[in-house]
Amino acid sequence: MKNREIEAAWDYHNGTKHSYQSIRANQHYLDWENQPIAFKIYPELAPVPLPEHLSSSDLPALRAISSSGAEPDHLIVPTSELLAEILFLSAGITKRRKYPGGEMLFRAAACTGALYHIDLYLVCGDLADLEAGVYQFSPQDFALRRLRAGDYRSVLVNASGEEPAIVNASCVIVSASTFWRNAWKYQARAYRHCYWDNGTILANLLAAAAARKIPAKIVLGFVDATVNQLLSLDTQREAPLSLVAMGEASSRRIGLSPPMEPLVFETAPLSKTEVDYPAMRTMHEASSLESAEEVVKWRDGAEKAEDKRIKDNGGSEDRLFALQPLDDAALPRDTIEEVIVRRGSTREFSRESISLAQLSTMVDRATRGIQADFLSSPEASLNDLYLIVHAVEGVPPGAYVFRRQERALELLKAGDFRREAGYLGLGQEIPADCSVNVYFLADLKSALERFGNRGYRAAQLEAAIMGGKLYLAAYTQRLGASGLTFFDDDVTEFFSPHAAGKSVMFLVALGKSAKRKPVNP
Ligand SMILES: Cc1cc2nc3c(=O)[nH]c(=O)nc-3n(C[C@H](O)[C@H](O)[C@H](O)COP(=O)(O)O)c2cc1C
């Protein structure tokens, strides 16, 4: 039961913090000659092409973004066309940009450094036009590669300790990282990025599924070794991150899977050489679950949620700013497909103000709950939102905490903190020039007590999913967004005493994009 030895999570987290000193002392440089490719390529496997048509859903994007995945009225059984759309909207190539040395391929969800180290796999029974199997999604040619033929869903039913959504799923989407594809740039901190980048991918996936009325639930409780074996992952270099149970199969229980023979597939080399960062593997192993019984017990952690009411700061009413989100009737009509295809990360913000309605709509839609096995209800959360407001009409600049139950921002300290925000976001211009920085902080002590080391995975992932929803909610309203990295302890210090003891999981900057200046005015 390594998972209960929680020193491992603290060691990893503390050992990968950024500070002013750690950044200055780090000798790491980017070895461009050895940059890994952004795809996992199986040269021996034939592509199973996916249909390229992208339908337009009728739900306004913001409703799809805020759906907890639980309430679709007419449940739809996923078909291969619908799955192709969902895979495209989660991890497909949405943009190509030529530059003198080549072409950059950008994907549907924001991912650190555009390095795209996460692959999606599909485990399904027979669908109308896709045979039962275990497939890898290959964005480079928009195809599936079949790793196993046959219905292997019951392997995941067992691995998840019979998690009800997995038991009933018509298919499961599994995310897995190949560490080196991200560690090339970010070294051991890349284990955090596994959950950051998977979170933005899953925010898209959940919205795309909700817009298609396909129920989807995130499952983090599973026996890692079984999933490794099913997907034939190289455990020294790769790790399974999450399962998403999709759709509801007919009430008939999934039959037994064929035997799980070991697979040996060649994959194209990623780069000339690879550097191992053992801290990532150590953290992954220490947060692995070893048996179905351990998974079942692990899930009990979800029921142990404390009252998450943000502690009262003794603040008077005039420090509270109630969210004023757009109601359903006033939402932009843009669909989630339009929003995902136009999404990018804002490279330059204009310092202009956004309205309280815009900020409220983003925060409100991103925090209406996620269906996940580590959260007992839509109100439950492992993270708290802390904001640095620079320019929001009707809200004084300052540091705030979001009171989730009251749907209100509470002012912690007033002031113009552009300079401080720029510093906290690793000295970049984006966090200084945006309108609002939204930080996600977790009480890691409590998360690790409830879930062991795997609570670290859950806290990072939940923050990143909400961060991904903020991205989408910003782009729906034609605002800009960018994920950011940060100086860990300085952020906690900045929001203290309120945030004392909490750990920073994720940061997104929101605001108005600066208009590109014309070259020849
Ligand atoms: C969690 C996260 C952290 C990021 N951190 C930074 C950052 O510190 N600085 C920056 O300029 N961009 C940052 N980005 C933006 C990525 O570089 C960007 O997502 C990537 O290049 C892909 O481009 P796209 O989002 O426009 O598709 C971050 C993105 C994410 C998701």
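Where is the place of Pro-497? Select Pro-497: its place is in the loop between helix H18 (488–494) and strand S16, where S16 spans 503–511. Helices (H or I, at least four residues) and strands (E, at least two) are DSSP runs, numbered from the N terminus. The peptide bond from Ser-496 to Pro-497 is cis, with omega near 15°.

This is a predicted model, in which local features need pLDDT of at least 70 and side-chain atom pairs count only at pLDDT 80 or more, while totals for chains, interfaces and linings use all residues. Residues are numbered from 1 along each chain as its sequence is written, and side-chain values use heavy atoms, with hydrogens and water left out.

**Ligand site**

Select the ligand next. It is surrounded by 21 residues, the closest being Arg-343, Ser-345, Arg-347, Gln-428 and Gly-483. A residue is near a molecule if one of its heavy atoms lies within 4 Å of it. Show the polar contacts, that is, pairs of N or O atoms within 3.5 Å; within protein, one must be able to donate a hydrogen and the other to accept it, and residues adjacent in sequence count only if both atoms are side-chain atoms. A polar side-chain atom of Arg-343 is 2.8 Å from a ligand oxygen. For the side chain of Arg-347, an N or O atom lies 2.9 Å from an oxygen atom of the ligand. At Thr-485, a polar backbone atom is 3.2 Å from an oxygen atom of the ligand. The ligand taken alone exposes 620 Å², and the protein buries 87% of that. Accessible areas come from the Shrake-Rupley method with a 1.4 Å probe; for residues, only the protein chains shown count as cover.

Colour the shell by residue class: 10 residues are nonpolar, eight polar and three charged. Here Ala, Val, Leu, Ile, Met, Phe, Trp, Tyr, Cys and Pro count as nonpolar, Asp, Glu, Lys and Arg as charged, and the others, Gly among them, as polar. Strand S3 (102–107) and strand S15 (480–483) each supply at least two residues of this shell.

**Nonpolar cores**

Which residues have the most contacts inside the largest nonpolar core? They are Met-246, Leu-387, Tyr-439 and Phe-495, in a core of 151 residues. A second, separate core has 24 residues, including Leu-147, Val-155, Val-227 and Leu-243. A nonpolar core is a set of buried Ala, Val, Leu, Ile, Met, Phe, Trp, Tyr and Cys residues joined through side-chain atoms within 4.5 Å. Buried means under 20% relative accessible area, exposed over 50%, and partly exposed in between (1.4 Å probe, protein chains only). In soluble globular proteins, nonpolar side chains tend to be buried together.

Now centre on Tyr-439. Beyond residues up to four places away in sequence, Tyr-439 touches, among others, Asp-384, Tyr-386, Phe-486, Phe-495 and Phe-506. Contact means heavy atoms within 4.5 Å.

Move to helix H16 (residues 444–451), where six of the eight residues are buried. These are Leu-444, Ser-446, Ala-447, Leu-448, Arg-450 and Phe-451. They pack against H1, helix H11 (292–299), strand S14 (436–442), helix H17 (454–476) and S16. Just after H16, Gly-452 takes a positive phi of about 65°.

Then select Asn-3, in the segment before helix H1 (7–15). Is Asn-3 buried or exposed? Asn-3 counts as buried because its relative accessible area is 2%. A polar atom of the Asn-3 side chain lies 3.1 Å from the backbone oxygen of Phe-451. The backbone nitrogen of Arg-454 is 2.8 Å from a polar atom of that side chain. The residues that Asn-3 touches, beyond those up to four places away in sequence, include Trp-298, Gly-452 and Asn-453.

**Loop residues and Tyr-20**

Lys-40 lies in the loop between helix H2 (20–25) and strand S1 (47–49). Lys-40 counts as buried because its relative accessibility is 6%. Its side chain makes a polar contact of 2.9 Å with that of Tyr-121.

Two stops concern backbone phi. Gln-187, in the loop between helix H7 (180–186) and helix H8 (190–211), has a positive phi of about 50° although it is not a glycine. Lys-213, in the loop between H8 and strand S8 (216–219), is not a glycine either and has a positive phi of about 60°.

Finish at Tyr-20, which lies in helix H2. Tyr-20 and Asp-490 are 470 residues apart in sequence and 9.1 Å apart in space, C-alpha to C-alpha. Tyr-20 touches Tyr-423 and Phe-487, not counting residues up to four places away in sequence.
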